[in-house]
Amino acid sequence: MEWDSDWEEEEEEMVGEREEEGYLLGSGGPFLFSIGDLPESASFGFVVCDALELDYPIIYVNTTFEKVTGYRAEEVLGRNCRFLQCRGAFAQRRHTMVDPSVVAEMHRCLREGADFSGEVLNFSKDGAPLTNRLTLTPIYGDDDLITHVIAVQVFTEAKLDLDPLPTASAKAAPRPAGPPPSWFVSGPSRGQVCRELCCLLQLSDEVLSQKILLRLPPRDIAAVGLVCKRFYELSRNEHLWRLVCRNAWGWESVQALEAAAAPPGGKRQPLRWERLARELTTLEAVAWRRLSVGGVVEPSRCNFSTCAVGNRVVLFGGEGVNMQPMNDTFVLDLGATRPEWRPVNVASPPPGRWGHTLSSLNGSRLVVFGGCGTQGLLNDVFLLDLDAKSPTWRDISGLSPPPARSWHSSCTLDGSTLLVTGGCADAGVLLNDTFTLDLTAENTATWKEILPSGTATAATAWKEKPPPRLGHTLSVYGGRKVLMFGGLAKSGPLRLRSSDVFTLDLAQEEPCWRCITGSAMPGAGNPAGAGPPPRLDHVAASLPGGRVLIFGGSVAGLHSASQLYVLDPAEEEPRWRILTVPGRPPRFAWGHSTCVVGGTRIVVLGGQTGEEWMLGELYELSLASFGS
Ligand SMILES: Cc1cc2nc3c(=O)[nH]c(=O)nc-3n(C[C@H](O)[C@H](O)[C@H](O)COP(=O)(O)O)c2cc1C
């Protein structure tokens with residue numbers, strides 16, 4: 001096949017042949033896509049995108065696509081197809097008449113690996129509106145991974161009354177007249193090779209530079225943008241920044257931010273990825289603010305546990321008057337116009353408790369572990385799907401559970417694994433064990449203890465378990481890494497507040513705790529210099545990108561500590577830094593509960609006044625100006 005009119009004819013012939021077979025053939029076998037579904041007379045666009053690369057870059061377009069849209073293959077290879085939703089050659093904004101619900105549906109189908117079929121408004125390169133009857137079909141490789149997505153596009157003229165595009169440059173570039181360059185088409189036998197070479201070599205500068213830029217960290221892209229006007233323009237592309245954020249912070253963080261910006265039934269907020277990347281890199285927009293919310297959590301209580309599900313804060317259990325263990329569930333939707341606490345009507349609630357943990361799993365699932373109930377300490381596990389039709393707590397009696405405990409710390413990894421460390425067992429004994437529970441298949445959930453590695457050789461590898469403790473925090477960063485900070489830790493015969501930082505990488509074959517800074521660092525003092533004073537019952541949150549922020553807690557000699565500290569555990573020699581933040585922090589900042597809502601809002605609840613627990617007043621540490 002050659003990149004000229006002969007090739008077009010040849011291709012049309014081939015399509016005819018394939019149509020008889022009813023399938024399109026690929027190198028890996030027939031794509032299960034029925035051509036018979038298409039209108040008989042339609043000449044259709046055909047596009048293949050790489051699903052293993054970031055953002056589905058186009059790797060093939062047929063001639064009909066080129067003819068109808070006016071975009072030549074070399075201009076669009078490497079791009080995502082969404083430019084067709086913008087009016088004008090590679091305009092950067094989706095046209096206002098493109099139905100966002102259709103785009104969201106495409107997005108959902110691609111994310112979930114489902115087929116999509118629908119109608120979307122597109123524009124040719126010269127700005128002419130086109131109705132595109134689009135079908136997207138994911139193609140699975142041998143290992144059940146989606147490797148490609150193929151699209152069939154049936155374009156018809158859309159009858160819309162639009163102003164002509166202002167500049168001549170927006171017009172479709174005419175196809176070059178005369179024969180193609182000699183190196184390009186040198187003989188029929190090399191046609192196919194030439195076409196492929198063309199795909200590789202003739203990506204436009206813009207596509208190439210975007211591909212290079214999206215592999216850089218946000219700071220570097222900002223620096224490249226300062227070089228000249230052209231680089232500045234290239235670096236000001238919201239789709240580029242979305243991918244950069246995805247590279248820097250992980251796909252889950254980007255999804256959490258998108259979900260928070262478009263809450264179901266709530267007010268949609270525009271996400272500006274470039275600004276978000278800057279604010280979360282420099283932390284220039286971090287600020288405290290006070291939130292007043294409606295509703296009440298009754299009966300009043302302390303020592304409850306909270307976590308976030310999307311924009312919602314969920315509260316479970318706690319200690320009421322006369323040490324009454326509670327087992328009720330409340331929700332506060334911070335995406336609502338007037339957030340208020342509401343009790344959730346749930347079936348089969350777990351036994352009442354306090355000093356337990358509540359953690360969120362993927363989707364809208366929540367998990368409760370341990371705590372102290374009327375019968376003493378607990379080691380049971382309960383799951384709830386908050387968005388189920390009739391939410392019901394389910395008892396997951398995982399095999400080989402850890403000893404019963406309270407005041408432990410928990411976190412979740414990959415949205416499906418619960419990790420529990422330390423806490424206080426019977427007779428006040430402090431614990432230093434670490435357990436995981438994979439909740440992917442609830443029926444076969446089995447607890448697994450993470451034991452110290454006998455083979456770890458690095459100087460900082462913790463050959464023993466970290467000292468036993470309670471009131472510490474766990475923060476997840478970098479996918480499957482966990483950072484443990486502080487708590488009341490055993491030190492010889494004493495129990496002292498700690499400022500030690502341990503990390504655990506569960507992606508390793510033999511995960512083991514490593515002390516990365518603090519007095520427990522083997523053979524060293526505190527190389528991190530002015531770290532936070534030792535504490536327990538503090539707030540810890542991980543920021544998109546992996547830095548961990550701590551605040552508050554019970555600190556020796558001080559009523560409470562309002563200074564904010566940030567640590568990047570990925571640094572070669574992690575070092576605490578103080579973050580100066582405007583706004584009004586909570587006055588009393590220990591014994592509260594906290595959660596990160598929508599990726600950028602650290603919500604602190606229930607600061608203790610000594611007399612009562614106030615849940616109508618919350619404090620929020622917002623990391624970005626979006627969502628505030
Ligand atoms: C193979 C393939 C072909 C696509 N073709 C089109 C198209 O012709 N027109 C269009 O508007 N979107 C098309 N899309 C969808 C967009 O590329 C994009 O996925 C969609 O806008 C939703 O994602 P977004 O919200 O990130 O923009 C195609 C996607 C794939 C994977």
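A nitrogen atom of the ligand lies 2.8 Å from a polar side-chain atom of Asn122. This distance, like the other values here, comes from a predicted model. A polar atom in the side chain of Asn80 is 2.6 Å from an oxygen of the ligand, and an N or O atom in the side chain of His107 is 3.1 Å from a ligand oxygen. The ligand on its own exposes 620 Å², of which the protein buries 95%.

The ligand is surrounded by 20 residues. Asn80 and Asn122 are among the closest of these, together with Arg82, Gln85 and Gln153. By class, the shell comprises 11 nonpolar, six polar and three charged residues. Helix H4 (100–112) and the strands E5 (116–123), E6 (129–140) and E7 (146–157) each contribute at least two residues to the shell. The largest contribution is that of H4, which supplies four residues.

A helix–helix contact was also examined. Helix H9 (residues 238–249) packs against helix H10 (residues 251–261) at an angle of about 125°, and the two axes are 6 Å apart. Angles of 65 to 115 degrees count as roughly perpendicular and those over 145 as roughly antiparallel; H9 and H10 are therefore oblique to each other. On the H9 side, the contact is made by Arg242, Cys245, Arg246 and Trp249. These residues meet Trp251, Ser253, Val254, Leu257 and Glu258 of H10. The contact of H9 with H10 includes five nonpolar, one polar and three charged residues.

Technical notes. Residues are numbered from 1 along each chain as its sequence is written. This is a predicted model: local features need pLDDT of at least 70, side-chain atom pairs count only at pLDDT 80 or more; totals for chains, interfaces and linings use all residues. Side-chain values use heavy atoms; hydrogens and water are left out. Axes are lines fitted to C-alpha atoms, for helices over the stretch in contact, and angles run from 0 to 180 degrees between N-to-C directions. Angles under 35 degrees count as roughly parallel, over 145 as roughly antiparallel, 65 to 115 as roughly perpendicular and the rest as oblique. Contact means heavy atoms within 4.5 Å. Ala, Val, Leu, Ile, Met, Phe, Trp, Tyr, Cys and Pro count as nonpolar, Asp, Glu, Lys and Arg as charged, and the others, Gly among them, as polar. A residue is near a molecule or strand if one of its heavy atoms lies within 4 Å of it. A polar contact is a pair of N or O atoms within 3.5 Å; within protein, one must be able to donate a hydrogen and the other to accept it, and residues adjacent in sequence count only if both atoms are side-chain atoms. Accessible areas come from the Shrake-Rupley method with a 1.4 Å probe; for residues, only the protein chains shown count as cover.
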